[in-house]
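This report describes the helix packing, the core and several individual residues of one protein model. Please keep the sequence and the structure in view while reading.

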Amino acid sequence: MIARDTEAIIRQTVRETVQQLKKEGMLKSADDILYAEMTQRLFDYYREPNKDPTLGEAIRRLSNDEYFDILPRYYSRQCTIEALAGMYGCDPTTIFRNKKRLCLRLCFTVKE
């Protein structure tokens, strides 16, 4: 069993290391990893002739969302974030934030 002092030192060292890795952009959050994976799946989905039916169903479930059109327009490479912002009459940050929100919802909707 590790002595309490040693355990406290280890915990503090790990905590500081994780903070430093995050600060330097070397450690990503779980959301960032999920978002990156779903982004790739969406690019593939909108480009490939054979669509993933599971992903297609999950996308259809989001179709009532106010910002839903961001997904097909962006991932089929028809529109940039800036062009979408102009269409929605908002800041590009709003488009990015809602695109990420929709992607993360898809991650938890898609059954693999």
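How are helix 2 and helix 3 oriented to each other? They are roughly perpendicular, a term that covers angles of 65 to 115 degrees.

## Basis of the description

This is a predicted model, in which local features need pLDDT of at least 70 and side-chain atom pairs count only at pLDDT 80 or more, while totals for chains, interfaces and linings use all residues. Residues are numbered from 1 along each chain as its sequence is written, and side-chain values use heavy atoms, with hydrogens and water left out.

## Helix 2 against helix 3

The axes of helix 2 (residues 30-47) and helix 3 (residues 53-61) come within 11 Å and cross at roughly 100°; axes here are lines fitted to C-alpha atoms over the stretch in contact, with angles running from 0 to 180 degrees between N-to-C directions. Helices are DSSP runs (H or I) of at least four residues, numbered from the N terminus.

Helix 2 brings Met-38, Arg-41, Leu-42, Tyr-45 and Tyr-46 to meet Leu-55, Gly-56 and Ile-59 of helix 3, where contact means heavy atoms within 4.5 Å. The residues of this contact divide into 6 nonpolar, 1 polar and 1 charged, and in this classification Tyr counts as nonpolar, Gly as polar and Arg as charged.

## The largest nonpolar core

A nonpolar core is a set of buried Ala, Val, Leu, Ile, Met, Phe, Trp, Tyr and Cys residues joined through side-chain atoms within 4.5 Å. The largest such core has 26 residues, of which Met-38, Leu-42, Ile-59, Leu-71, Tyr-75 and Leu-106 touch the most other members. Helix 2, helix 3, helix 4, helix 5 and helix 6 each supply at least two residues of this core.

Leaving aside neighbours within four places in sequence, Tyr-75 is in contact with several residues, among them Tyr-35, Leu-42, Tyr-46, Lys-99 and Cys-103.

## Individual residues

Asn-98 lies in helix 6 (residues 92-109) and is buried, with a relative accessible area of 8%; buried means under 20%, exposed over 50% and partly exposed in between, for a 1.4 Å probe and protein chains only. The side chain of Asn-98 reaches the backbone oxygen of Thr-94 at 2.8 Å, and beyond its neighbours within four places in sequence Asn-98 is in contact with Tyr-67 and Ile-70.

Arg-77, in the loop between helix 4 (70-75) and helix 5 (81-88), is exposed at 59% relative accessibility. Most residues other than glycine have a negative phi, whereas Arg-77 has a positive phi of about 65°.

Technical notes: Parallel < 35°, antiparallel > 145°, perpendicular 65-115°, else oblique. Polar contact = N/O pair within 3.5 Å; in protein donor to acceptor, adjacent residues only side chain to side chain.
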